[in-house]
Amino acid sequence: MADAGEERIELRAGDPEAEARMRALSSPLRLRVLRLCAFESRTNKELAELLGMNPGTMLHHVRTLVQTGYLAAEPERSGAQGAREVPYRATGLSWRTSMPGGSPVLIETFLQQIEGIDPDDLDTTWLGLKLTAEHREEFQHRLYELVNEFKERGPDPDGDTYSFFSTLHPDENPPAAG
């Protein structure tokens, strides 16, 4: 996991490592893999089963995340009938990585995540704000600080898993005619 003081990583086109990381984070499936591996290690087979994928296809996605530093292999273990299994765990690098143009993939990932959830189990808030540039920057900074504070605490051993999704965007809501 990242230390609280670590800076965000800005990905820029033209840098081969940055471009590989941007491609890795451009897939809703890979973002869901990172979510599934955030709190516990999972094998390729477990991930394939959880996401309804072919294990061979899943292995491609897992390898992409490992090669770009978003997943790390943990020590091998023996599975059913003594089969060799490699569990993977999210490194936390994605939390600190900017995603230029990544909002559509995050939204698609979010929609996939909530598919099949009872609407009564979703607590959604939508708030319209009218802010100066200074107040918008303050809002973004304070929201990031709050979310980061809870992320840095680490998981509660006896806690339930939740997902948090929030977006701040310009609202095409011009002032009423005078």
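This briefing describes the aromatic pairs and the charge-over-ring contacts of the structure above. The model is predicted, so local features need pLDDT of at least 70 and side-chain atom pairs count only at pLDDT 80 or more, while totals for chains, interfaces and linings use all residues. Residues are numbered from 1 along each chain as its sequence is written, and side-chain values use heavy atoms, with hydrogens and water left out. A search of the whole structure finds two aromatic pairs.

**Aromatic pairs**

- Rings of Phe, Tyr and Trp (its six-membered ring) pair if their centres lie within 6.5 Å; planes under 30 degrees apart count as stacked, over 60 as edge-to-face and the rest as tilted.
- Trp95 and Tyr144 are stacked, because their ring centres are 5.7 Å apart and their planes stand at 10 degrees.
- Trp95 belongs to helix H5 (residues 93–96) and Tyr144 to helix H7 (residues 133–153), so this pair ties together parts 49 residues apart in sequence.
- Phe110 and Phe165 are also stacked, at 4.2 Å centre to centre and 15 degrees between the planes.
- Phe110 lies in helix H6 (residues 103–114) and Phe165 in the segment after H7, so parts 55 residues apart in sequence are tied together.
- Helices are DSSP runs (H or I, at least four residues), numbered from the N terminus.

**Accessibility**

- Buried means under 20% relative accessible area, exposed over 50%, and partly exposed in between (1.4 Å probe, protein chains only).
- Trp95 is partly exposed at 28%, as is Tyr144 at 26%.
- Phe110 is partly exposed at 25%, and Phe165 is partly exposed at 33%.

**Charges over rings**

- A charge sits over a ring if NZ of Lys or CZ of Arg is within 6 Å of the ring centre and within 35 degrees of the ring normal.
- Arg21 lies over the face of Tyr70, 5.9 Å from the ring centre.
- The charged end of Arg153 sits over the ring of Phe150, at 4.0 Å from its centre.

Notes. Helix = DSSP H or I, 4+ residues; strand = E, 2+ residues; numbered from the N terminus.
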